[in-house]
Amino acid sequence: MTSLLLRQGRLVTAPEITVDIAIQDGKIAAIAPHLNEPADSVLDLENLLVSPPLVESHLHLDSALTAGQPRWNQSGTLFEGIEIWRERKQALTLEDVQERAIATLKLQASQGVLFVRSHADVSEPNQIPLRALLAVRDRVKDWLTLQVVAFPQDGVFSAPHNAERLEEAMKLGADVVGGIPHYELTREDGVKSIQYVFDLAEKYDRAIDIHCDEIDDDQSRFLEVVAAEAIRRQLGGRVTASHTTAFGSYNNAYAFKLMGFLKRANLSFIANPLINLTLQGRTDTYPKRRGLTRVKELWQNGLNLSLGHDCIQDPWYNLGTGSLLEVAAMAVHACQMTGRDELAACYDMITRCGAKTLGLTEQYGLEVGKPANLIALEADDAIAAIRDRATIRHVIAQGTRLVSTTAPTVTWQRSL
Ligand code: FE2
């Protein structure tokens, strides 16, 4: 028996027709223009747009909602953010991290996000961020899929024991191994750190997501090292390069050559337009760089690229609402993705491409037999959803209704 029958929704892939969706045992059991089977409950979608959930592919839940603690980032730079976080993280407790992480995930889930990859700082001996987020991963698992990346915020070889802590994080159960080669003490340490990250990924059978070249320096060229390791070890499908903002500053001859290697390596990419725009370009006068990776060109070359927040109200970014539609809208502007295909691609980047980055393609999408995770938006189509920052009216997680939102009502007080 159908547990939940959704009536009269329009699929984001074919918004011109309406369909009913039957959900049974947490999975999509049928999608057809008219379903007449008995159901435990029925929800009339009233022609809302139905989409797979939004995917947050890059977030730091351990620092979320700490903006201003213990002080504000006045320079707006990545490096002042790291300094402030170093101070704030001395006071972390498991409860503190878990409370803020759950609050942030609820903020995002209420806006249609049901898949999240979060980094956990593993630079401190107590491993509080990682242990807290692993517990959160378990607490939310019946309504949201959380992946946790072991992220060596202070570098792998910049301090004694950091490399051991990264390996310990694998043993504790992190899903993904991370790195930050451009923040190592030397270029050589950066290269060595990438090799170490790949060694751990192979040893513990984990995916890789490296903060790579998050700097305006056109000589920061760790992306080619990541690509080379992915090619040599044939791990490309499981390797993500986050940020790669220096790619936006490389000369075109080098960038053109590199693009060929990236295609061969089959990497995934994540751009974080809200944060990249505000953190990068800080040392420029004018012309001032946008500080983003080559989003449009990576997309045009068929590489998988998704969009993330990176930060929500933390030492690096005081703002952030958790809305991935806002992130996509910022990408549209900052990356000049205003063509119709480009706008649609930006919606893809916060849905299907994000699922691919997270390695979740098998369980993601609006198809019979897949887990019944979906959202219903007040929008004509995907492009309008970005344009209007559409209200996500219903969120269905693993076959059950998780949260509903009423669109704001505008009442004119005069007749015009
Ligand atoms: Fe990040």
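Let's start at the metal: four residues hold the iron ion, namely His58 (NE2), His60 (NE2), His211 (NE2) and Asp310 (OD), at 2.1 to 2.3 Å. Keep in mind that you are looking at a predicted model.

What spacing do the donors of the iron ion follow along the chain? The pattern reads H-x1-H-x150-H-x98-D. His60 sits in the loop between β6 (54-59) and α1 (78-88), while His211 belongs to strand β10 (residues 207-212), so this pair ties together parts that are 151 residues apart in sequence. Are His60 and His211 buried or exposed? Both His60 and His211 are buried.

Now for the geometry. The angles among the four donor atoms run from 86 to 177 degrees, and the site of the iron ion is irregular. Why isn't it tetrahedral? Four donors would need all angles between 85 and 135 degrees to count as tetrahedral, and the range here reaches 177 degrees.

**On to the charged pairs**

Side chains of opposite charge can pair when their charged atoms come close. How many salt bridges does a search of the whole structure find? It turns up 26 salt bridges. Here are some of them:

| Pair | N to O distance |
|---|---|
| Arg86 and Glu83 | 2.9 Å |
| Asp199 and Arg233 | 2.7 Å |
| Arg289 and Asp284 | 2.8 Å |

Take Arg86 and Glu83, which form a salt bridge. These two are three residues apart in helix α1, so about one helical turn separates them. Arg86 is partly exposed, with a relative accessible area of 28%, and Glu83 is partly exposed too, at 35% relative accessibility.

Asp199 lies in helix α5 (residues 187-204) and Arg233 in helix α6 (residues 222-233), so the pair ties together parts that are 34 residues apart in sequence. Asp199 is partly exposed, with a relative accessible area of 40%.

Definitions and conventions. Residues are numbered from 1 along each chain as its sequence is written. This is a predicted model: local features need pLDDT of at least 70, side-chain atom pairs count only at pLDDT 80 or more; totals for chains, interfaces and linings use all residues. Side-chain values use heavy atoms; hydrogens and water are left out. Donors are N, O and S atoms within 2.8 Å of the metal (3.2 Å for Na, K and Ca); water is not among the atoms, so sites may look incomplete. Four donors count as tetrahedral if all angles lie between 85 and 135 degrees; four count as square planar and six as octahedral if opposite donors are over 155 degrees apart and all others between 65 and 115; anything else is irregular. Helices (H or I, at least four residues) and strands (E, at least two) are DSSP runs, numbered from the N terminus. Buried means under 20% relative accessible area, exposed over 50%, partly exposed in between (1.4 Å probe, protein chains only). A salt bridge is a side-chain nitrogen of Lys or Arg within 4 Å of a carboxyl oxygen of Asp or Glu.
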